[in-house]
Amino acid sequence: MADRRSIRTKTGIKQAFLTLLNNKTISKITISELTELADIGRGTFYLHYQDIYDLYSEVEQEMFTQLNRFYDESFPLNERRGVVHFINKMTDYIYHNKTLFNVLINPEDTLLTPEKFKQAFKAKILQEMIKEDHYPNQPTILEETESMFIASGVFGVIEDWIIRGMVEEPTGMSLRIEQLLLKLET
C-alpha cells in the first residue's frame, strides 16, 4: 500500500514539475510552487528528492531508459523494420512528452543538452556497428565518425521538429527520418 502511495506521489510531483517546466526554466522553479501545484507538503517532496535538480535527474533518467528500451527492442537489425520500429516509437514518445523535450531547445536550460542526447545515441549506434562487424575490440575511427554522423543527423531533424512546435504528426516525422537514413545506405 505504501509503495503504491509513494509511486502516486512521485507521479504527481513529476506532473507538476513538467507543468511548471512548460512555462519557466528549471532555475526559476521553486519547491514552494511545485509542492503547491502537486498538492503536497514540502516534507513530502524532500522525502523523495533532495532538490529540483534531483527530481529533474530522475525524470531525465526515465526518459533515456525509455528511449534505450525502444532502441533495444528494435535492434539488432535483422531487417529494415527494426529501424522503422525504433523511429516510430521514438517520435511518438517525443511528441507525447513535448514539455520535457522542449528543454532541449531552451538556451537558458543547460540540463538536457543536444550534446547529451547525441552522445547517448552515438554510443548505442556504435555498439550495434561493433556487433555487426564482429569486432569485440575498440571501434575504428570510421565507426566513431559514422555513428556520430547518424546520431547528429537524426537528432538535428528531431531538434528542428521540436523548434517548429511539432506541428507534423510523429508518423510523418518518422517517415521523413527513415527516408533520410535510407539515402545513406545507397
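Gly 165 follows helix α8, and its phi is positive, near 90 degrees. Helices here are DSSP runs of H or I with at least four residues, numbered from the N terminus. This is a predicted model, in which local features need pLDDT of at least 70, side-chain atom pairs count only at pLDDT 80 or more, and totals for chains, interfaces and linings use all residues. Residues are numbered from 1 along each chain as its sequence is written, and side-chain values use heavy atoms, with hydrogens and water left out.

Back to α8. The helix covers residues 141–163, 23 residues, and reaches 32 Å from first C-alpha to last, close to the 33 Å expected at 1.5 Å a residue; that expectation is 1.5 Å times one less than the number of residues. Its buried residues include Phe 155 and Trp 161, buried being under 20% relative accessible area, exposed over 50% and partly exposed in between, with a 1.4 Å probe and protein chains only.

Next, the rings. The whole structure holds 13 aromatic pairs. Rings of Phe, Tyr and Trp (its six-membered ring) pair if their centres lie within 6.5 Å; planes under 30 degrees apart are stacked, over 60 edge-to-face, the rest tilted. Phe 17 and Tyr 56 have centres 6.4 Å apart and planes at 65 degrees, so they are edge-to-face. Phe 17 sits in α1 (residues 2–21) and Tyr 56 in α4 (residues 52–74), 39 residues apart. Both are buried.

Phe 45 and Tyr 46 are also edge-to-face, because their centres are 5.3 Å apart and their planes at 85 degrees. Phe 45 is buried at 0% relative accessible area, whereas Tyr 46 is partly exposed at 39%.

Finally, Phe 155 of α8 belongs to one aromatic cluster, with Phe 64, Phe 117 and Phe 121 among its members.

Definitions and conventions: Helix = DSSP H or I, 4+ residues; strand = E, 2+ residues; numbered from the N terminus.
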